Amino acid sequence: MKLAISIAGQTIDSPFDARFGRAESFCLVDSDTGAWTVHANPALSASGGAGVQAAQFVAKLGAQAVVSGAYGPKAYDTLSAGNIQRFLAPGNEARSGADILAAFRAGQLTEADGTTHGGHHGG
Amino acid sequence: MMQIVIASGKGGTGKTTVATSLAQVAAERGAVRFLDCDVEAPNAALFLHPVLETHRDVGIRVPRVDAQACTYCGKCAEVCQFHAIAVVGKKVLVFDDLCHGCGSCTWHCPEQAISEHLAVTGVIDSGTTPEGIAFAQGVMNVGQTMGVPILRELKQWTPATGDAPPSTSLRASGALEIRDAPPGASCPVVETMRGADFALLVTEPTPFGLHDLKQVAAIAHDLGIPAGVVINRDGIGDAAVGTWCADRGLPILLRIPMERRIAEAIASGQTLVDAVPDYRVGFQELLERIVAGVNP
Amino acid sequence: MKQLVILSGKGGTGKTSVTAAFAHLASQGPLADRILLADADVDAANLELVLQPRRLDTQPFRGGQVAVINEDTCVHCGDCESVCRFDAIIETDGRWTIDPIACDGCAACVYQCPTDSIAMQEQTVGECARSDSRYGPLHHAHLSPGQENSGKLVTQVRQRARQQALDEQRQVVIVDGPPGIGCPVIAAVSGADLALLVTEPTVSGIHDLRRALQTVQHFGVPALVCINKADVYPAGAREIEADCAAQGIPTVGRIPFDLTVASAMVAGEAVTLYRPDAPASLALSALWARVLPFLLEAPA
C-alpha cells in the first residue's frame, strides 16, 4: 500500500511531523517494499486552506493512506472524498518516518474516525 | 457627493460619537447619507434611531458545480488561490467558508459547469432617521470571518428617493456621505476609506491612542486622502498626540474634553450634540472646515 | 496549560489595561515565572507599550499574494480588468496597472491574461516577534497598516505562544484579543480555555457584548464578563448583569471609572503597579482573584 507520512525533513529517517496541512513534507512509501520518495508540501506557505491543498497533493501522489498527528475538518473531508485512509500517530513522541512505517506494518496505528480538531483560521 | 470617513485605529476613541453628531449638524444644511461600516460591531443606529425598513441579505457568490457537466479536470482547484474548491478523483468539494467569491473558478472552467449562488454572510439594513438622514448599516453574521464583501455592498447602497434619480438629487444639493469605520488598521478599514474625500481621525491623548492613530494616518496617506484629527477625552493622558500631529502637519480640527457628563450621556445612547448642545457650533465649524478644505 | 483570552466586541473598553494588570498580578503570586503573554491585537498592538519588552527574535510575516503586471509583455487588451471583482485593475490612458491595496490575491487575472504577463507576488505584510517582558515571555506581532490576513498572523502568534508555554511548562497563557467578532477574533478565541469579555455599560458596549458572546459560544469557549467603567451608567451595568445571568454567564467584576488608568498608560505601567490602591487597581485585583480559579478549573 502507498502510504504518505507527514515528516519534517528530506528522508524517511527525518522526524515525524504531527501537522498535516502544515507538514514540511510527505514521505511516500510503499509499505510492502519499503521504497520511498520525499515530496515538499506545497501547502506549507498557504494563507488558508492548507489542509485542503495538502490533501489534494497526497491524492495526486497516489497515496492510498496517510499518517499524521491530526486532521482538520476540511483535510478530513477531502481525504475521505479521495478514498484515502487516515491514520493517526501521536505527535508527542520523538520518532522518524521509518518508525512510523514500522508501527503501521505492526498494525499499531489507529484510524481517525472523524475530525481531530476544529481547524485553524487564517483568512 | 462629498464622502467623509471617520476612523481611529484604536477602538472606543469616539468614532461613532463624532460621526453621529457630525451627521446631525450636516443634516441641517443638506442631504446626508450615513453608512455604518463597522460590520462586526455596528452601533450608530443606537444613537441616530433610523427606522430600518429594508433588509437585504448580502454575502459571497460561491461556486456550485454541475456534476453532469463536470469532467473532473481539476482546473477550478488549480486556479483557486484559497483552496476553497478541491477535486479528488471523481469528486468536487466546495468549502464556502474559504471562498472569497472572486469568480475565478467560474471564469476558467472549460466546461462552464460552475454556477454561483449567494452564501449569506450578513445583511444590509437601511432606512431614514428622524432628521431625514439616509441611513444604512452592514451587519456581519456571527461566526463569519470576512467583512469586506459586506462593506463593498454597503458602499454601493443608494437610498431610494421618490422620482428623482438619487445620485443626481444628492449631488445637486451638495450632499454628504459620512462613513463610520471599524477600528483597527487592516483591510476592512482600507475598504471603508477607499474613495473617500476626507478622513477624520478620532483619537484619545494616550500612548495607545497615538500608537494606533499613526497606523490609520499611514493608511490615509497611502490612499492619498487628506486627513484631520479630533482629540476626544482631551485632558487625560499626555500631550504627545498634539506634538505628533504638529510634526506631521496633521490639523487638529476639534478637541472634546474629558467630562463625565459627556461619558454618561453617550453611555445612555444620546448623541453628543443632543446631550450637550454647546457642541453644536463646534461640529458646525468642523464640518465647514472639512468642506472648505476639500472643495475650496 | 490553560489559555485565557481577553475580548470585548466593542473596542476601547479596556482589554489591554486589564491584560497588563493580570500580567502584573500573576507575576506577583504563585504563578510567577509560570505565565506567558500574547498580544493577538495585531492591528493595534498596544500591550508592549505597558510591558516594555526586550525583543529576542523577529520574523517577517508573509501574508497573501498580489498580482503584478509585466509592462514589457502586456498587450493592453484589458481582459484582466474584465475578470477582476475587486476593482483592483485600473486603466489609465490605455495602460493597465494593479492597485496592490485593492487586489484580493485571487489570481483570476493571471489565468485570464493571454500573454502570461501577470504573476503573483508574495508580500511581507508584518512581523511576528518573541520577547522577554517584565512579567514573562511575550509573543506579539505587527501587521503593516492596511494589510489583510490578520487572522493568519493571530494564529501564528498564538501557536508560537502555545509552543513556548508547553516547552517551558508554563501554566497560564494570557492573550490580549482584538475588538470585533470577525476573522482575527475567531483566530484569537478558537481553542482557548476561557474568555473574559471586558465590556462597558454603554448602549454600544451592551450591543457589541451580545455579539461577542454569541461568537465565543459559537466556538464552544466558556465565557466570563467584567464591566469596566461600571459606575458611568449604572442602568447599563444592571442590564448587562441581568443579560448575563439569564444566559448563565458569570459577571465576575465591576471596575469603576478611574482616570488613574490613563495616567498609568502614560507612565507605561500596569495600573495595579502604578497605584495599587487606586479604585481601579483594587477592582482589578479582586477580578483576577475571581478569574483565576475559573481558568485553572476549565475543562481541558
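Me: Let's start with C:Ile118. Leaving aside neighbours within four places in sequence, which residues is C:Ile118 in contact with?
Reply: This is a predicted model, to begin with. In it, C:Ile118 is in contact with C:Ala67, C:Val68, C:Ile69, C:Cys80, C:Ile98, C:Cys109, C:Val110 and C:Cys113, leaving aside neighbours within four places in sequence.

Me: How many residues does the largest nonpolar core have, and which have the most contacts inside it?
Reply: The largest nonpolar core has 46 residues. Those with the most contacts inside it are C:Ile89, C:Ile98, C:Cys109 and C:Ile118. In soluble globular proteins, nonpolar side chains tend to be buried together.

Me: Which elements give two or more residues to this core?
Reply: They come from chains B and C. Chain B brings strand 3 (51–65), helix 3 (75–79), strand 4 (85–88) and strand 6 (114–128). Chain C brings strand 3 (54–69), helix 3 (79–83), strand 5 (95–98) and helix 4 (108–112).

Me: And which gives the most?
Reply: Strand 4 of chain B, with four residues.

Me: New topic: chain A. What is the strand order in the open sheet?
Reply: The order is 3-2-1-4-5-6, six strands with mixed pairing. The edge strands are strand 3 (36–40) and strand 6 (110–111) of chain A. Each pairs on one side only.

Me: How many bridges join strand 5 of chain A to strand 6 of chain A?
Reply: Two, and these strands run antiparallel. Strand 5 of chain A covers residues 85–88. A:Leu88 stands opposite A:Thr110 in strand 6 of chain A.

Me: What does helix 1 of chain A touch on the sheet?
Reply: Helix 1 (residues 50–60) of chain A touches strand 1 (2–7), strand 2 (25–30), strand 3 and strand 4 (65–68) of chain A. Its direction makes about 30 degrees with that of strand 2 of chain A.

Me: Now B:Thr13. Buried or exposed?
Reply: Buried, with a relative accessible area of 0%. B:Thr13 lies in the loop between strand 1 (2–7) and helix 1 (15–27) of chain B. A polar atom of its side chain lies 3.1 Å from the backbone oxygen of B:Val202.

Me: Is C:Asp33 buried or exposed?
Reply: Exposed, with a relative accessible area of 67%.

Notes: Residues numbered from 1 in each chain as written. Chains lettered and ligands numbered in written order. Predicted model: local features only at pLDDT ≥ 70, side-chain atom pairs only at ≥ 80, totals over all residues. Heavy atoms only, no water. Core = buried A, V, L, I, M, F, W, Y, C linked by side-chain atoms within 4.5 Å. Buried < 20%, exposed > 50% of the residue type's maximum accessible area, 1.4 Å probe, protein only. Contact = heavy atoms within 4.5 Å. Pairing = 2+ DSSP bridges. Axes fitted to C-alpha atoms, helices over the stretch in contact; angles between N-to-C directions. Polar contact = N/O pair within 3.5 Å; in protein donor to acceptor, adjacent residues only side chain to side chain.
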